[in-house]
Amino acid sequence: MRIADLSAFTWQVMRGNRGRTLLILLAMGIGVAAVLMVTALGEGARRYVLKQFSGLGSNLVIVLPGRAETAGGIPGFITGKTPRLLTLDDALALARSRAVRRIAPLIVGTGDVHWNARTRESPILGTTADFIAVREMNLAQGLFLPESDPHHGQPVCVVGARVARELFGHTPALGQWLRIGDRRFRVIGVAAPQGESLGFNTDQIVIVPLAAAQALFNSEALFRILVEAKSRGQVAAAKTDILEIVKQRHEGERDITVITQDAVLSTFDRILGALTLAVGGIAAISLSVAGILVMNVMLISVTQRRREIGLLKALGATSGQIRLIFVSEAILLALAGASAGMAAGWASQFLLGHLFPSIPFAAPWWAVIAAPATAIATAIVFSITPARQAARLDPVAALAART
Amino acid sequence: MIRLTGIQRHFQVGGETVHALRGIDLAIGAGEYIAILGPSGSGKSSLLNIIGLLDHPSAGQYELDGRDVTALADDEQARVRREKIGFVFQFFHLVPRLTAAENIALPMVLAGVEPSRREERVAWLLEAYGLANRAHHRPDQLSGGQCQRVAIARAMSMSPPVIVADEPTGNLDRHTSQEVITLLESLHAAGSTLIVVTHDPSLGARATRQLHLDDGLIAERPLPDSPAD
């Protein structure tokens, strides 16, 4: 039997049993679409998180006070080893490392920002001039904090895009004096709108010199230090140096936590990748359910078409040909169902992309291959039993069947 | 052409063994026109199924065209069936979703005949059997007589030497029966071996040789000098 004839024959069978065909197409289509959708969601989440992290700046190493690992088991306050505060001098000392290009110490707090009669509660960020480079921020207007001795803060500030818009309205923000707590600052820059990065929205903050923030919040302690390594390859060296320098300064105590962007990235990457794989697998189960439907429908079809099978045998069809006819019917159904499912999957992906433009929904390449492949493999596997049953029919009995 | 020796066929029905054929010895020459007659249950369909290679005998030997086909594997039998035997059934057995032309082409499709040769052959058969204007009709749009003509055209599509017809007029009225018989007899006239199973004595009488089956055994009677009609 020629392949063209086989597919023509199968096509006629499918067309002749529209209800049955549509049912299988639907089941297969839903299965394939589910795999694509679910993996697209997972992959979208993964890419979203990666994008958020890379939004922090490149080759970034983050230094946190305190140690995240468990050591000993006796709490520090009993042994007298309370974690030391991370100070500005610690931060400046890090610049000694050859692997480090820039550092930006951070103090974060909340304060009321006043301008004329308007007041706005806003996160206040105290940092140094290098912050803009480390964090890869852009300014819309004016200048960033000036390069000067970080121990002495000038009364200047940079406001986020939203703060500028809501506090000053149509008045130009540059040159205005605003008041935070009991101190006055002159606005010398407005940050460009950046959007959110890990829940931290730079559009809503006010950036002041570190020393000013220390005075505002009456605290020497740094919230974190952002360190930019000289290159991606230097990140590990920078991490070692940072630990070493701080250890020396803190009397041999390693009481900081150093997070590299890469480590965080690859952890998230792994977790979300595994998650996508897992949910994709769950969706693939729906495909095998579709396979069971294929088997049932095919078994019914074999019973209904007994006379036809008997006839085909009388006309000289071999058992192999009969099997082929049924298996190819399943394959054709699966192909059609998979195409429909792919189309539905892409369409809803496109729709979701429009509804949530910030999340890059896209089914990963392996799912695009695996979903239809699973559909076809399932169809083949589950059509073998009905096909064999058809091939085994006794032609005399099959021809005599009354259906 | 066909040589049956000691053919037996038993069926297990419930706990009992039914002997449909009890030892048939039969030789049919090429180009013969044979009627197998007998009451229902006499074993005539069983005999036809064995001759048509649809069924295996329980005992005995079957030689077709000088070849022992008794013990052939199913697939090999299917191939012999495809090339040597054309079936005509009482209930036509046309595939309802296929047109007349597609039904006729079916054996050639299964045999893998090239589409161009197939179309040529189908066109010729449609023309020869007066079905040219019915080529694209489905069985449910055809009369009984037309259906049986399509079935005969299908049986002839691979030009088999043997035509086996099981009650070919059993489902037709008198007039169309006559048409169908005339058509089958024209095939015989053209050289095919024609084996017709019927319980209708007047139809049986037209054959050049009659086999009367009774309880699984042959009672062959010579042909009367003049046919009944």
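**Two chains and where they meet**

In chain A, the centres of domain 1 and domain 2, taken over C-alpha atoms, sit 58 Å apart. The model is a predicted one, so everything below is computed from its atoms. The domain assignment of chain A puts residues 3-53 together with 279-400 in domain 1, and residues 84-254 in domain 2.

Next comes the meeting of the two chains. On the chain B side, 27 residues are in contact, and they touch 26 residues of chain A. Put together, the two chains bury about 2,300 Å² between them, with 59% of that on carbon and sulfur atoms. Three residues stand out here: His93(B), Arg97(B) and Leu110(B) supply 30% of the area that chain B buries against chain A, more than any other three residues.

Charged and polar pairings also cross the interface. Chain B and chain A share two salt bridges. In a salt bridge between the chains, the side chain of Arg97(B) meets that of Glu308(A), at 2.8 Å from N to O. By type, the residues on the chain B side that touches chain A split into 13 nonpolar, three polar and 11 charged.

Leaving aside neighbours within four places in sequence, Asp5(A) is in contact with Val109(B) and Arg118(B). Asp5(A) counts as buried because its relative accessibility is 10%, and the cut-off for buried is under 20%.

The buried ones are Lys44(B), Ser46(B), Leu47(B), Leu48(B), Asn49(B), Ile50(B) and Ile51(B). After this helix comes Leu53(B), whose phi is positive, near 60 degrees.

Leu53(B) turns up again around Val69(B). With neighbours within four places in sequence left out, Val69(B) is in contact with Leu53(B), Tyr62(B), Leu64(B) and Gln77(B). Val69(B) itself lies in the loop between strand E5 (67-68) and H2 of chain B. Its relative accessibility is 1%, so Val69(B) counts as buried. In sequence, Val69(B) and Phe89(B) are 20 residues apart; in space, they are 23 Å apart from C-alpha to C-alpha.

One is Asp65(B), with phi near 55 degrees, in the loop between strand E4 (59-64) and E5 of chain B. Asp65(B) is partly exposed, with a relative accessible area of 41%. The other is Glu251(A), with phi near 55 degrees, in the loop between helix H8 (235-249) and strand E12 (256-260) of chain A. Glu251(A) has a relative accessible area of 64% and is therefore exposed.

Key. Residues numbered from 1 in each chain as written. Chains lettered and ligands numbered in written order. Predicted model: local features only at pLDDT ≥ 70, side-chain atom pairs only at ≥ 80, totals over all residues. Heavy atoms only, no water. Contact = heavy atoms within 4.5 Å. Buried area = accessible area lost by both parts, 1.4 Å probe. Salt bridge = Lys/Arg side-chain N within 4 Å of Asp/Glu carboxyl O. Nonpolar A, V, L, I, M, F, W, Y, C, P; charged D, E, K, R; others polar. Domains from an automatic or database assignment. Helix = DSSP H or I, 4+ residues; strand = E, 2+ residues; numbered from the N terminus. Buried < 20%, exposed > 50% of the residue type's maximum accessible area, 1.4 Å probe, protein only.
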